[in-house]
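Biologist: I have the sequence and the structure open side by side. Could you walk me through a few spots?

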Amino acid sequence: MSNSMSRRRFLGTTAAVGAASMLPMSAQAAQGSVSVWKFGGTPQEVEQWALRNDAFLAANPDVDLKYSYFNGQIRRQKILAGFQTNRLADVIVAFGQDLPEFVGFGMLQPLDDIAGDKMDGWKERIVPEVLESGMHDGKLYGLPTYVDMASFLAINLDALEEAGFDRPPETWSELREYAKAMTKPDRPGIAFPVTTAPVDINIFEGLVYANGGRIFDEETGKVTLNEPGVVDALQFYLDLIADGSTPAPTSLTETFFRDTAQLFGQGRSAMWIGLSWLNTPWGVSEGVRWTGVPLPRPDTASGRFEPVSAIMDATAMLMVSSRSENPEAAAEYIDFWSQNEQLEIWGGQPEIARIPSGKAAWDNPELEEAWPNWVSAYNAGKLFEGAEPMPRFIGVSAIESALGTAIQQAVLGQKTAQEALDEANKAAQTQIDLIRG
């Protein structure tokens with residue numbers, strides 16, 4: 001699964017030369033060995049990351065860069081195993097959602113301590129709400145390159161118009177109505193992924209937070225999976241299934257987010273629920289007209305917490321291992337990725353799947369062409385209004401694991417939503433109590 005690349009010398013490509021020429025040189029170039037583990041990313045991003053590594057090496061010729069790429073869905077297991085066996089990379093490029101656990105387990109060191117002289121530049125170049133996602137307990141532990149938001153809805157415009165609608169749905173009840181009307185014998189009206197992959201769980205959490213639910217109450221230390229805000233969100237999934245608007249339940253539990261995107265992109269579902277990037281990493285078949293909008297909100301939120309407009313996470317955040325033997329080179333690598341030339345990758349040069357963290361990226365016409373609503377909301381100061389981070393606390397992986405099991409049990413008809421979440425709540429609380437002592 002990994003594409004390990006040990007020492008990479010500058011290849012002399014035009015792109016790498018251009019990036020290196022624009023890179024501000026440090027007073028003293030970094031030196032020594034530095035290892036990097038990168039988790040996840042779109043095909044464009046993975047390609048660009050490797051290419052820009054060559055530019056980093058051109059500016060730091062005395063660095064021995066050991067770079068490896070891994071699937072994003074194995075990140076927690078891989079990183080924890082690396083820490084336990086003392087084989088963790090110097091720099092980890094992973095998800096901000098995991099940051100509190102990694103800090104709590106003593107796996108990371110604050111960037112304030114090793115890159116204090118660079119932080120003013122980071123604050124100048126990075127959107128404040130996004131940079132904040134790298135903070136924990138008042139210190140910066142991760143530098144974000146972009147964020148993803150949940151949850152969003154992809155809509156086939158031809159299917160929408162054929163069903164007699166002239167606008168996207170705005171509430172859960174309208175979404176059910178639209179899904180039924182857009183369903184054909186060979187094409188379900190809507191699809192959503194419910195495997196146990198972390199992204200699939202994050203998509204569901206977007207519904208939960210919009211419904212005033214949470215998966216954990218940090219003030220009381222209590223798991224809240226079986227409260228109405230979560231139960232009713234899961235019941236909404238079950239209602240769509242009962243309406244006959246989705247693929248078969250077994251298919252839903254076996255089809256993760258990328259496969260669901262493919263169904264939609266091939267015109268084999270009229271709508272799909274996903275994260276903010278929807279189909280942009282993979283595209284759609286010729287002739288499929290589509291748009292993406294925020295997922296409709298509940299008619300009336302049933303949870304006891306404040307409903308939010310979206311939840312977001314920086315899913316390519318650069319962190320430094322507490323066991324790094326070369327923190328100076330690690331800091332230089334992170335600073336390299338804080339430069340506008342790198343951050344504009346996600347401003348449409350060439351990637352349009354992510355919400356970029358770099359301020360300069362928002363001025364790129366390529367991004368505005370792809371996501372005009374994003375850009376107008378950002379310019380109006382409203383893109384992140386009412387948004388909160390995805391669930392992030394020590395023990396989040398244990399609760400999300402229990403939640404994933406409960407979702408699948410309910411979708412397959414093995415238990416009601418309440419029964420499945422009652423059982424998950426009990427199991428997760430036991431795990432939280434053990435973790436938190």
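Biologist: Leaving aside neighbours within four places in sequence, which residues is S245 in contact with?
Modeller: Bear in mind that this is a predicted model. With those neighbours set aside, S245 is in contact with A179, K180, T183, P188, G189, I190 and L240.

Biologist: Where is the place of S245, and is S245 buried or exposed?
Modeller: S245 lies in the loop between helix 11 and helix 12, the latter covering residues 249-254, and with a relative accessible area of 1% S245 is buried.

Biologist: Ok, now helix 9 and helix 11: at what angle do they pack?
Modeller: Helix 9, which is residues 172-181, packs with helix 11 at an angle of about 15°, and their axes are 10 Å apart. The two are therefore roughly parallel to each other, since angles under 35 degrees are counted that way, and their crossing is right-handed.

Biologist: Which residues meet there?
Modeller: From helix 9 there are W172, L175, R176 and A179, and they meet D232, A233, F236, D239 and L240 in helix 11. Sorted by class, the residues of this contact are 6 nonpolar, no polar and 3 charged.

Biologist: And how does helix 11 pack with helix 19?
Modeller: Helix 11 (residues 228-242) and helix 19 (residues 417-436) pack at about 135°, with 9 Å between their axes, which makes helix 11 oblique to helix 19. This crossing is right-handed. On the helix 11 side the contact has V230, V231, L234, Q235 and L238, which meet A417, Q418 and L421 in helix 19, and the residues divide into 6 nonpolar, 2 polar and no charged.

Biologist: Switching to L207, where is the place of that one, and what does L207 touch?
Modeller: L207 sits in helix 10, residues 198-210, and counts as buried at 1% relative accessibility. Not counting residues up to four places away in sequence, L207 touches S151, W172, A233, F236, Y237, I273 and L295. W172 and A233 also belong to the contact of helix 9 with helix 11.

Biologist: How far apart are L207 and R297 in space?
Modeller: Their C-alpha atoms are 7.9 Å apart, although L207 and R297 are separated by 90 residues in sequence.

Biologist: What about helix 17, which residues are buried there?
Modeller: In helix 17, residues 372-379, the buried ones are W374, V375 and A377. They cover an arc of only 165° around the axis, which puts them on the same side of helix 17. The face turned away from that buried side carries the exposed residues N373 and N379.

Biologist: What covers the buried residues of helix 17?
Modeller: The cover includes strand 7 (146-156), strand 14 (355-356) and helix 16 (365-370). Just after helix 17, G381 takes a positive phi of about 75°.

Biologist: Last topic, helix 2 and helix 14: at what angle do their axes cross?
Modeller: The axes of helix 2 (residues 43-59) and helix 14 (residues 327-337) cross at roughly 120° and come within 11 Å, and the two helices are therefore oblique to each other. The crossing is right-handed.

Biologist: Which residues make the contact?
Modeller: Helix 2 contributes W49, R52, N53, A55 and F56, while helix 14 contributes A329, E332, Y333, F336 and W337. By class, this contact of helix 2 with helix 14 has 7 nonpolar, 1 polar and 2 charged residues.

Terms used
Residues are numbered from 1 along each chain as its sequence is written. This is a predicted model: local features need pLDDT of at least 70, side-chain atom pairs count only at pLDDT 80 or more; totals for chains, interfaces and linings use all residues. Side-chain values use heavy atoms; hydrogens and water are left out. Buried means under 20% relative accessible area, exposed over 50%, partly exposed in between (1.4 Å probe, protein chains only). Helices (H or I, at least four residues) and strands (E, at least two) are DSSP runs, numbered from the N terminus. The arc is that of the directions from the helix axis to the C-beta atoms. Contact means heavy atoms within 4.5 Å. Axes are lines fitted to C-alpha atoms, for helices over the stretch in contact, and angles run from 0 to 180 degrees between N-to-C directions. Angles under 35 degrees count as roughly parallel, over 145 as roughly antiparallel, 65 to 115 as roughly perpendicular and the rest as oblique. A crossing is left-handed if the near helix is turned anticlockwise from the far one by less than a right angle, and right-handed if clockwise. Ala, Val, Leu, Ile, Met, Phe, Trp, Tyr, Cys and Pro count as nonpolar, Asp, Glu, Lys and Arg as charged, and the others, Gly among them, as polar.
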